[in-house]
Amino acid sequence: MTTHIRRGFKLIGLSLAIAALTACGGNDDPLPGDTSGDLVAKYIGSWESGCYEDSGASAHLRADFTKASPTGFTGEVVAYAYIGTSCSGPSVKNKKVFTNMVMSHDGTKVVGGVTADKFAGTADQGSAKVLLTVSGNILRIGDPDASKDAQGYPNAFYDKSMSRI
């Protein structure tokens with residue numbers, strides 16, 4: 001009888017440990033937006049790109065931004081890769097593109113007739129200069145591979161946009 005009780009407690013303990021690990025793991029819930037009038041408010045929250053094909057596989061990006069100040073934000077950008085071309089099923093790999101981002105507003109710039117906000121900052125992957133603009137629920141990002149201006153900001157937008165989730 002005591003063997004059955006011990007086994008029962010082990011199973012309960014294992015179940016609780018698995019539940020705790022699941023609760024501490026990645027959270028797919030979107031971050032809340034910001035309704036203040038602060039400069040960074042329109043960027044705060046969670047964003048996701050559409051599915052795009054890449055060498056017979058597929059991927060999408062997710063960005064989570066949290067306000068740090070009226071002119072700055074923190075966050076991360078993660079790329080999720082899938083087998084096949086439809087971004088379906090569990091992701092087979094995720095890559096943290098930017099982690100521990102700390103970005104500060106550095107002015108504005110007109111690109112392709114659109115006024116974009118310039119942000120300079122750092123991430124675990126190094127320093128960065130990023131262009132961002134929002135129209136409705138669509139976030140556009142400056143293309144890091146485009147030519148740069150004298151200050152190091154991109155002169156074009158990336159061809160993929162992200163939607164608020």
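Reader: How many bridges join strand β7 to strand β8, and do they run parallel or antiparallel?
Author: This is a predicted model, and in it 4 bridges join β7 (residues 126-135) to β8 (residues 138-141). The two strands run antiparallel.

Reader: Which residue stands opposite Leu139 in β8?
Author: That's Val134.

Reader: And what sits between β7 and β8 in the hairpin?
Author: There are 2 residues between them. Gly136 is in that turn, with a positive phi of about 65°.

Reader: Which way does β8 run against β9, and how many bridges join them?
Author: β8 and β9 (residues 162-164) run antiparallel, joined by 2 bridges. Ile138 has Ser163 in β9 as its bridge partner.

Reader: OK, zooming out. How many helices and strands are in the chain?
Author: The chain has 1 helix and 9 strands.

Reader: What share of the residues is buried?
Author: Buried residues account for 32% of the 165 in the chain. The chain exposes about 9,900 Å², and carbon and sulfur atoms supply 56% of that area.

Reader: What about contacts between residues at least 24 apart?
Author: They make up 42% of the contacts between residues at least 6 apart in sequence.

Reader: Switching to Asp117. Where is it, and is it buried or exposed?
Author: Asp117 lies in strand β6 (residues 114-123). It counts as buried because its relative accessibility is 7%, and the cut-off for buried is under 20%.

Reader: What does the side chain of Asp117 pair with in a polar contact?
Author: The side chain of Tyr43, in a polar contact of 2.6 Å. Beyond its neighbours within four places in sequence, Asp117 is also in contact with residues including Lys42, His105, Gly107 and Leu131.

Reader: Now Ser58. Which strand is it in, and is it buried or exposed?
Author: Ser58 is in strand β3. With a relative accessibility of 2%, Ser58 counts as buried.

Reader: Which backbone oxygen lies 2.9 Å from a polar atom of the Ser58 side chain?
Author: The one from Gly84. Leaving out residues up to four places away in sequence, Ser58 touches Cys51, Tyr52, Tyr80 and Cys87, among others.

Reader: Tell me about Cys87, then. Where does it lie?
Author: Cys87 is in the loop between β4 (72-82) and β5 (93-111). It counts as buried, since its relative accessibility is 18%. Its phi is positive, about 55°, although Cys87 is not a glycine.

Reader: Last topic, the largest pocket. What's its volume, and how many residues line it?
Author: The largest pocket has a volume of about 740 Å³ and is lined by 36 residues. Those nearest its centre are Leu61, Val77, Val97, Phe98 and Pro144.

Reader: Which strands each supply at least two residues of that lining?
Author: β2 (52-54), β3 (57-69), β4, β5, β7 and β8. That brings us back to the hairpin, which is formed by β7 and β8.

Notes. Residues numbered from 1 in each chain as written. Predicted model: local features only at pLDDT ≥ 70, side-chain atom pairs only at ≥ 80, totals over all residues. Heavy atoms only, no water. Buried < 20%, exposed > 50% of the residue type's maximum accessible area, 1.4 Å probe, protein only. Contact = heavy atoms within 4.5 Å. Areas by Shrake-Rupley, 256 points an atom, 1.4 Å probe, with all protein chains shown as cover. Polar contact = N/O pair within 3.5 Å; in protein donor to acceptor, adjacent residues only side chain to side chain. Pairing = 2+ DSSP bridges. 1 Å grid on protein atoms, 1.4 Å probe; cavity = no way out; pocket = protein on both sides within 12 Å on 5 of 7 lines; lining within 4 Å. Points joined across faces, edges and corners; volume = space filled by probe spheres on them.
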